[in-house]
Amino acid sequence: MEDEVDRLVAAWRRERPDLDVEPLEVLSRVSRLARHLDRARRIAFAEHHLEPWEFDVLTSLRRAGDPYQLSPGQLLTQTLVTSGTMTNRIDRLTKKNLVERLPDPSDRRGVLVRLTAEGRDKADQSLAGLLAQERAILGELSRHQRGELAGLLRQLTAPFDNVPG
């Protein structure tokens, strides 16, 4: 079974036989898969009237467990955005009644961001929709193949995820 990357690699081997284009065989496929995944995510979130960034914030809070709250700093760490961006996102989610700001009992100047009941429902429903989309993407692979692929991708991404700062 040939795909677009096979054709791309063959063309580069013909045009630039002096270069080792083997990395393209893996990373071009990862790049193409990321675009398909992004499209599937947007479809899953749109069905629940969410933007991808809204899903990221809501599910970060949902994963925190009862009472489904985190400090803005903890949300920054989990979503990899700046504090100004996070403030804007919290404001917008508050206006949609998906989160609420509460005083932090351990820090008089601090706040906590907590999921509302509506926010929790949106997080749960959109996650179920996303998982259905992702299952379809992985449908051609056996459980064993999915495990192998997850392990190989973990090996590639772990050094990036474990960089300090």
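**View 1. Leu80 lies in the loop that runs between α4 (72-79) and α5.** The model shown in this and the following views is predicted. Phi of Leu80 is near 55°, a positive value in a residue that is not glycine. Most residues other than glycine have a negative phi. Leu80 has a relative accessible area of 75% and is therefore exposed, since the class begins over 50%.

**View 2. His49 sits in the loop between α2 and α3.** This residue is not a glycine, yet His49 has a positive phi of about 55°. Is His49 buried or exposed? His49 counts as exposed because its relative accessibility is 62%. His49 is also one of the residues in contact with Lys122, which is shown in the next view.

**View 3. Lys122 belongs to helix α6.** Which residues does Lys122 contact, leaving aside its neighbours within four places in sequence? They are His48, His49, Leu50, Leu58 and Leu98. Among these, Leu58 is listed with the residues that have the most contacts inside the largest nonpolar core. Thr79 is 43 residues from Lys122 along the chain, and the C-alpha atoms of the two are separated by 18 Å.

**View 4. The peptide bond between Asp66 and Pro67 is cis.** Its omega is about 15°. Most peptide bonds are trans. Pro67 is located in the loop between α3 and β1 (69-70).

**View 5. The largest nonpolar core contains 20 residues.** Those with the most contacts inside this core are Leu58, Leu61, Leu75, Leu93 and Val99. Two or more core residues come from each of α2 (22-46), α3 (52-63), α5 (83-95), β3 (107-115) and α6 (117-137). Which element gives the largest share of this core? It is α3, with 5 residues. In soluble globular proteins, nonpolar side chains tend to be buried together.

**View 6. Leu75 is one of the residues with the most contacts inside the largest nonpolar core.** Not counting residues up to four places away in sequence, Leu75 touches Val57, Ser60, Leu61, Leu70, Met86, Ile90 and Val113. Of these, Leu61 is likewise listed among the residues with the most contacts in the core.

**View 7. An open sheet is formed by 3 strands in the order β1-β3-β2, with antiparallel pairing.** The edge strands, β1 and β2, each pair on one side only. Strands of a sheet pair through backbone hydrogen bonds. How many bridges join β1 to β3? There are 2, and these strands run antiparallel; the bridge partner of Gln69 in β3 is Arg114. Strand β2 (residues 99-104) pairs with β3 over 6 bridges, also in the antiparallel sense. A hairpin connects β2 to β3 through 2 residues.

**View 8. Arg108 is a residue of strand β3.** Arg108 counts as exposed because its relative accessibility is 85%. Ser142 is 34 residues from Arg108 in sequence, and the two are 52 Å apart in space, C-alpha to C-alpha.

**View 9. Helices α1 (residues 4-15) and α2 cross at roughly 145°.** Their axes come within 10 Å, and α1 passes α2 in a right-handed crossing. From α1, the contact involves Glu4, Val5, Asp6, Leu8, Val9, Trp12 and Arg13. These meet Glu22, Leu24, Glu25, Ser28, Arg29 and Arg32 in α2. By class, the contact comprises 5 nonpolar, 1 polar and 7 charged residues.

**View 10. Helices α2 and α6 pack at an angle of about 145°.** Their axes are 9 Å apart, and the crossing is right-handed. The residues of α2 in this contact are Leu33, His36, Leu37, Ala40, Arg41, Ile43, Ala44 and Phe45. On the α6 side they meet Ser126, Gly129, Leu130, Gln133, Glu134 and Ile137. The contact of α2 with α6 holds 8 nonpolar, 4 polar and 2 charged residues.

Note on methods. Residues numbered from 1 in each chain as written. Predicted model: local features only at pLDDT ≥ 70, side-chain atom pairs only at ≥ 80, totals over all residues. Heavy atoms only, no water. Core = buried A, V, L, I, M, F, W, Y, C linked by side-chain atoms within 4.5 Å. Buried < 20%, exposed > 50% of the residue type's maximum accessible area, 1.4 Å probe, protein only. Helix = DSSP H or I, 4+ residues; strand = E, 2+ residues; numbered from the N terminus. Contact = heavy atoms within 4.5 Å. Axes fitted to C-alpha atoms, helices over the stretch in contact; angles between N-to-C directions. Left-handed = near helix turned anticlockwise from the far one by under 90°. Nonpolar A, V, L, I, M, F, W, Y, C, P; charged D, E, K, R; others polar. Pairing = 2+ DSSP bridges.
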